[in-house]
Amino acid sequence: MIRYKKGDKVKVIDDNLSGVVTKVEEDKITIETDFGFDMTYEPKELLPDVGMEEEIDFDAKPIAPKPKKTVKKKTRIEKVFDPRKQSTEEKKAKPVVTKKTKKFRKPPLEIDLHYGQLENYDRLLARNLILSRQMASLKKRVERAREHGYDRVVIIHGKGEGVLEEEIKKWLNEIGYHFYDADFQRYKLGATEVELPKF
């Protein structure tokens, strides 16, 4: 059994949550999730967070916003315009362009369906039972992603023989979700990105 200590990064098996260990008891481990909640689990419900997810430095100091520039109003001076006598100040003056704020889009949630990452991992289990466990886990985790406000998920199924990928795409077609191959540079051909409809 893996022994955890305070400060370890962990992820919850079959729950798509990760966080940092804040308290370790005999048969209970409390973690602070990425969403800022304290949650308690048994050690068997956790795995060390060493997956494909990007490392995020939670101790980094927030960057202070730059102070806004105040624009002084110019007094209006009426004069006859003569292009030959245009002052250098007028030549340098540029129109003020206001920046439009971009809408923040949450990055997609990664759902790793490699069998070794699932709860109750059993190397001797029959292939059809492994597939049914992977699909059950996927359905549960996609629903949780929607509940947490994600509009996209990346399902990591691997390349292999393509049986799992075929089953996933069949299910997505049945429920009418829009999907496509995930970023090739990052996942090669081993992942599918899915657009989640809003409630």
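Predicted model: local features only at pLDDT ≥ 70, side-chain atom pairs only at ≥ 80, totals over all residues.

Reader: How do you know that the span of α3 agrees with a helix?

Author: Helix α3 covers residues 163–175, which makes 13 residues. At 1.5 Å a residue, they should span 18 Å. The end C-alpha atoms are 19 Å apart, so the two values agree.

Reader: Which residues of α3 are called buried?

Author: Leu164, Glu165, Ile168, Trp171 and Leu172 are the buried residues of α3. The label needs a relative accessible area under 20%. These residues cover an arc of only 130 degrees around the axis, which puts them on the same side of α3.

Reader: Why would residues a few places apart point the same way?

Author: An α-helix has 3.6 residues a turn, so residues three or four places apart point the same way.

Reader: What is exposed on the other side of α3?

Author: Glu166, Asn173 and Glu174 are exposed there. That label needs over 50% relative accessible area.

Reader: What do the buried residues of α3 pack against?

Author: They pack against α2 (127–147), β7 (152–156), β8 (178–181) and β9 (191–195).

Reader: How do you know that the span of α2 agrees as well?

Author: The 21 residues of α2 should span 30 Å at 1.5 Å a residue. Its end C-alpha atoms are 31 Å apart, which agrees.

Reader: Which residues of α2 are buried?

Author: The buried residues of α2 are Ile130, Leu131, Gln134, Met135, Ser137, Leu138, Arg141, Val142, Ala145 and Arg146. Their arc around the axis is only 165 degrees, which puts them on the same side of α2. The face turned away from that buried side carries the exposed residues Asn128 and Glu147.

Reader: What do the buried residues of α2 pack against, and what comes just after the helix?

Author: β6 (109–112), β7 and α3 are the elements they pack against. Just after α2 comes Gly149, with a positive phi of about 85 degrees.

Reader: What makes the phi of Lys188 worth a remark?

Author: Most residues other than glycine have a negative phi. Lys188 is a residue other than glycine, yet its phi is positive, near 55 degrees. Lys188 lies in the loop between α4 (184–187) and β9.

Reader: Why is Lys188 called partly exposed?

Author: Buried means under 20%, exposed means over 50%, and partly exposed is in between. The relative accessible area of Lys188 is 43%, so Lys188 is partly exposed.

Reader: Now the strands. What is the order of the open sheet?

Author: Its five strands run in the order β4-β3-β2-β1-β5, with antiparallel pairing.

Reader: Why are β4 and β5 said to stand at the edges?

Author: β4 (38–41) and β5 (46–48) each have a single partner strand, so one side of each is left without a neighbour in the sheet. From one strand to the next, the twist averages 45 degrees.

Reader: How do you know that β1 and β2 pair?

Author: Pairing takes at least two bridges. Three bridges join β1 (residues 9–12) to β2 (residues 18–24), so these strands pair. They run antiparallel. Lys11 has Ser18 in β2 as its bridge partner. The hairpin of β1 and β2 has five residues between the strands, and in it Asp14 takes a positive phi near 60 degrees.

Reader: How many bridges pair β2 with β3?

Author: Five, in the antiparallel sense. Gly19 stands opposite Thr33 in β3.

Reader: What joins β3 to β4, and β1 to β5?

Author: Four bridges join β3 (residues 29–33) to β4. Ile29 has Tyr41 in β4 as its bridge partner. Three bridges join β1 to β5. There, the partner of Val12 is Leu46.

Reader: What is the secondary structure of the protein as a whole?

Author: It comes to four helices and nine strands. Along the sequence, the pattern is β-β-β-β-β-α-β-α-β-α-β-α-β. Of the 199 residues, 32% count as buried.

Notes:
Residues numbered from 1 in each chain as written. Heavy atoms only, no water. Helix = DSSP H or I, 4+ residues; strand = E, 2+ residues; numbered from the N terminus. Expected span 1.5 Å × (residues − 1). Buried < 20%, exposed > 50% of the residue type's maximum accessible area, 1.4 Å probe, protein only. Arc of directions from axis to C-beta. Contact = heavy atoms within 4.5 Å. Axes fitted to C-alpha atoms, helices over the stretch in contact; angles between N-to-C directions.
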